[in-house]
Amino acid sequence: QMSCSSGSSLAGDDDHDLIANDDEELDFYAILNVPIDAKEDDITKAYRKRCLIFHPDRHTDEADKRAAEKIFVQLKRAHETLMDPKQRAIYDALGVQGLDQHGWQLVSRSANPDNIRREYEFLQRLKDKELMLQRTHPTSSFHVKTTMAGLFVKNPEYRYGPQFLSIGISQGVDCPMTQADRVGIVGRVRAGNGRGDGSVSAVWKRSTANWHVENTVTVSADTLSWSGRAGHNLSSRSTVILQPTVQWYPLQQLLNPALSIIFSHQLRRNWQGSIILSASPTNSALQTNILHSENNQPKALCNIALSPSNPHIRMVYFTRQPASDAVTEMAVTLSPFGIAPSIQAERRISRFTRVGVSLAFAFPSCTLTAKLKARAGGASYEWSIVLCDDKDEISRAALYGVALPYVALQIGRVVFRPWFERLTSLFDDPMVEAEVDAAKAEESERVIHLMRPTAERIAREEEEKKGVVIVEAKYGQVDPTGSRAYPVMGDRSIDVTVPLQSMVHDSQLRIFSVKSQLPGFHDPAPGFAKVLMVKYRFRDEPHAVCIPDDAPLTVPLRSHRLIMDNGR
């Protein structure tokens with residue numbers, strides 16, 4: 001059996017020359033085809049099985065050997081990361097970018113000179129932008145608040161038009177000075193009700209193996225404040241954070257110190273608990289948070305705060321749609337002063353742009369507020385609209401300010417769908433996909449070429465014992481006319497018969513993760529929902545299945561069997 005030891009000639013710095021430039025997007029679980037909670041033995045078995053196909057020593061052709069080396073290095077890195085508990089925890093939380101700084105060496109994924117030139121030019125442009133963003137890390141935000149409550153007053157005599165309430169702008173930069181130190185500056189200005197104010201903050205951050213320290217000094221027209229933050233890992237599951245704050249009001253000659261202590265502990269695999277104690281001369285509070293996560297993303301949150309000024313309970317629930325990268329947040333806050341439910345939805349409309357909308361209601365004040373949000377890169381824009389502030393007008397505000405605009409939007413999306421799609425396409429940045437798609441497709445073809453002998457051998461063995469033989473398999477865009485329960489393949493798809501047949505073992509095939517990361521696959525329709533369609537024979541009977549991209553696949557299953565009429 002071929003050895004899969006990492007002590008081959010590929011070890012060391014040469015590995016970095018073989019890793020593709022989109023390494024930060026790699027899914028180590030998909031590369032090895034193991035579930036996210038796989039045990040170490042399962043990871044090692046999957047790694048050795050992959051090595052039998054992609055070990056460079058199994059190939060004599062130079063082009064095949066080079067392609068196999070690239071896949072083998074990815075397999076080796078995935079195996080090493082997932083076998084190390086510390087690195088695996090970092091990867092689960094932050095992805096590949098959390099493990100190291102991504103290199104910018106040119107790695108040609110194509111023998112076509114035009115593709116090589118485009119890849120080089122693309123990397124040069126991306127490198128310049130990435131270095132600039134890493135050095136300065138610019139951020140900005142723009143917030144506008146208006147009221148339209150006067151539009152929904154029942155009595156026409158008391159109606160009034162939209163009114164401007166406030167505007168706020170902030171900008172900041174955050175630059176590294178050493179490997180452990182960063183400094184930044186943030187400026188904020190705000191105007192409302194005929195008055196304006198602003199502040200400037202200077203920030204210093206230092207991170208070491210066991211400590212993370214932040215110091216912030218803020219100067220405004222009537223306040224001088226300092227705040228600190230020191231975090232220390234007590235163990236692999238526990239962290240303590242100290243947050244002292246001192247505010248000085250020169251006009252009143254008043255000093256207001258405060259201290260917050262946060263203790264966070266991982267209760268179980270997907271459960272995180274925190275206790276927060278805040279104390280100051282004017283107010284003290286005790287809070288506890290319970291966070292439940294799913295696939296390293298927040299799923300539910302419960303916050304209980306005990307405070308003389310504002311005791312409350314807040315519960316939040318998150319739902320996600322991976323196909324459109326959309327998040328919906330439903331929250332409710334209970335306090336002695338009333339109840340405040342809210343709902344917020346956010347989704348990605350392009351590679352670097354997200355939009356969102358939220359609706360919040362407070363009872364008994366009967367304040368209804370809507371927010372429109374947009375984020376592009378490091379910039380964010382928010383428009384808050386007060387729809388109602390009077391309990392006598394809440395029904396009219398909900399009808400004319402929420403329900404009718406929502407219905408009109410949905411009708412407009414259907415009636416004017418081509419114009420709507422053209423509008424959303426203005427936010428797309430297809431340059432990245434256009435420049436790398438050709439290379440990714442060519443790389444997948446090379447990987448399929450490497451897998452073909454293994455796939456043919458497995459097909460012959462399965463044919464002899466009447467096991468699983470993949471007849472046809474396609475991966476591609478889902479037809480929007482289909483449904484989640486019964487997805488239908490669209491126009492843009494690729495043939496993945498060979499990769500799936502090579503993954504069959506003992507008449508079984510199992511896929512745990514998103515399919516585009518599997519060797520021999522690539523994304524034929526970036527930004528669109530995708531499905532995997534498989535037709536196969538088992539015990540000389542035809543079977544077929546079509547599943548969404550994020551759903552696991554197990555073959556064979558009795559439910560996949562096709563019932564033939566009249567012997568056909």
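This is a predicted model: local features need pLDDT of at least 70, side-chain atom pairs count only at pLDDT 80 or more; totals for chains, interfaces and linings use all residues.
User: Welcome me in with the rings: how many aromatic pairs does a search of the whole structure find?
Analyst: A pair of aromatic rings is described by the distance of the centres and the angle of the planes. When the whole structure is searched, the number of aromatic pairs found is two.

User: What kind of pair do the rings of phenylalanine 416 and tryptophan 419 make?
Analyst: Let's take the distance and then the angle. The ring centres of phenylalanine 416 and tryptophan 419 are 6.1 Å apart, and their planes stand at 70 degrees. Planes over 60 degrees apart count as edge-to-face, so the pair formed by phenylalanine 416 and tryptophan 419 is edge-to-face.

User: Is tryptophan 419 buried or exposed?
Analyst: The cut-off for exposed is over 50% relative accessible area. Tryptophan 419 has 56%, so this residue is exposed.

User: And how does phenylalanine 416 count?
Analyst: Its relative accessibility is 48%. That value falls between the 20% and 50% cut-offs, so phenylalanine 416 counts as partly exposed.

User: How far apart are the end C-alpha atoms of helix H6?
Analyst: Helix H6 covers residues 394-415, which is 22 residues. At 1.5 Å a residue, the helix should span 32 Å. The distance between its end C-alpha atoms agrees with this, at 30 Å.

User: Where does H6 bend?
Analyst: The bend is about 30 degrees, and proline 405 follows within four residues. The residue at which H6 bends is alanine 403.

User: Is aspartate 174 buried or exposed?
Analyst: Aspartate 174 lies in strand S2 (residues 163-176). Buried means under 20% relative accessible area. Aspartate 174 has 13%, so this residue is buried.

User: What is the C-alpha to C-alpha distance between phenylalanine 142 and arginine 188?
Analyst: Phenylalanine 142 is found in strand S1 (residues 139-147). In sequence, phenylalanine 142 and arginine 188 are 46 residues apart. In space, their C-alpha to C-alpha distance is 10.0 Å.

Notes: Residues are numbered from 1 along each chain as its sequence is written. Side-chain values use heavy atoms; hydrogens and water are left out. Rings of Phe, Tyr and Trp (its six-membered ring) pair if their centres lie within 6.5 Å; planes under 30 degrees apart count as stacked, over 60 as edge-to-face and the rest as tilted. Buried means under 20% relative accessible area, exposed over 50%, partly exposed in between (1.4 Å probe, protein chains only). Helices (H or I, at least four residues) and strands (E, at least two) are DSSP runs, numbered from the N terminus. The expected span of a helix is 1.5 Å times one less than its number of residues. The bend at a residue is the angle between axes fitted to the seven residues ending there and the seven starting there.
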